[in-house]
Amino acid sequence: MMQVTRRPPLIVDGLTKTYPGGVRAVRGISFEVADGEIFGLLGPNGAGKTTTLGVLTTLVRPSGGRALVAGLDVMNEPLAVRRAMGVVFQDSVLDNDFSGFQNMRLHARLWRVPEDRIAALLDAVGLAGRIGRRARLQRGDETAPGDRPGSARPAADPAPG
Ligand SMILES: Nc1ncnc2c1ncn2[C@@H]1O[C@H](COP(=O)(O)OP(=O)(O)O)[C@@H](O)[C@H]1O
Ligand SMILES: [Mg+2]
């Protein structure tokens, strides 16, 4: 008798992406990520990492192959895929002119997270007292280099890539 097993959280099978204009950014990659596994996708610039993550987060339409997140096909069920995952982007997605609380409320509404979780989360990470401050002042440096025009991020931030 067949064993009933949970599907891996992530299945990528023969995935390809050719951008309009003909750049073959992803040329048929396959991998699975098991439950509880920590997975890193490494490669030189231009290898197709961001494109692959774009497909997995439903922001890039694949050209061929399959990608399943929590058993859901990114092509057929993109909204369900988005609900099933959490994403922390490399660059900040905060609105600097909103307070921390306003940012959290915006994302809570977008993701249909009950707003009463905001207070508990802030308490858990010790930020409850700073929640009324604008996001650009939350980065630890009280002089806030990001506050100056033309300096969107602190110099110590790692380079994008
Ligand atoms: N929107 C796009 N349109 C056309 N070509 C793109 C686009 N995004 C990335 N590329 C090209 O696809 C290839 C893979 O890029 P990318 O996925 O960003 O790789 P990585 O994140 O590994 O550096 C590169 O040659 C890049 O120039
Ligand atoms: Mg990249």
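Biologist: Which residues of α1 are buried in this predicted model?
Modeller: In this predicted model, helix α1 spans residues 49-56. Its buried residues are Thr51, Thr52, Val55 and Leu56.

Biologist: Why do the buried residues count as lying on the same side of α1?
Modeller: The residues concerned are Thr51, Thr52, Val55 and Leu56. They are placed on the same side of α1 because, around the axis, they cover an arc of only 140°.

Biologist: Which strands do the buried residues of α1 pack against?
Modeller: The buried residues in question include Val55 and Leu56. Their packing partners are three strands, given here with their residue ranges: β1 (10-18), β2 (24-33) and β3 (64-69).

Biologist: Which residue follows α1, and what is its phi?
Modeller: Helix α1 covers residues 49-56. The residue that follows the helix is Thr58, and its phi is positive, near 70°.

Biologist: Which helix gives the largest share of the shell around ligand 1?
Modeller: The residues around ligand 1 include Gly46, Ala47, Gly48, Lys49, Thr50 and Thr51. By class, the shell has four nonpolar, seven polar and one charged residues. Its largest share, three residues, comes from helix α1.

Biologist: In what sense do β1 and β3 pair, and over how many bridges?
Modeller: One pair of facing residues is Ile11 and Leu68, the latter in β3. The pairing of β1 with β3 is antiparallel, over five bridges.

Biologist: Which residue of β4 stands opposite Leu68?
Modeller: Strand β4 consists of residues 72-73 and pairs with β3 in the antiparallel sense over two bridges. In this pairing, Leu68 faces Asp73.

Biologist: Which residue in the turn between β3 and β4 has a positive phi?
Modeller: The two strands form a hairpin, with two residues between them. The turn residue with a positive phi, of about 55°, is Ala70.

Biologist: Is Ala67 buried or exposed?
Modeller: Ala67 lies in strand β3. A residue is buried if 20 or more other C-beta atoms lie within 10 Å of its own. Because Ala67 has 21 C-beta neighbours inside 10 Å, Ala67 counts as buried.

Biologist: Which residues is Ala67 in contact with, leaving aside its neighbours within four places in sequence?
Modeller: Two of the contacts, Val55 and Leu56, are among the buried residues of α1.

Biologist: How many Å apart in space are Ala67 and Leu10, C-alpha to C-alpha?
Modeller: In sequence, Ala67 and Leu10 are 57 residues apart. In space, their C-alpha to C-alpha distance is 7.5 Å.

Terms used
Residues numbered from 1 in each chain as written. Chains lettered and ligands numbered in written order. Predicted model: local features only at pLDDT ≥ 70, side-chain atom pairs only at ≥ 80, totals over all residues. Near = placed C-beta within 6 Å. Helix = DSSP H or I, 4+ residues; strand = E, 2+ residues; numbered from the N terminus. Nonpolar A, V, L, I, M, F, W, Y, C, P; charged D, E, K, R; others polar. Buried ≥ 20, exposed ≤ 12 C-beta atoms within 10 Å, placed from the backbone. Arc of directions from axis to C-beta. Contact = placed C-beta atoms within 7 Å. Pairing = 2+ DSSP bridges.
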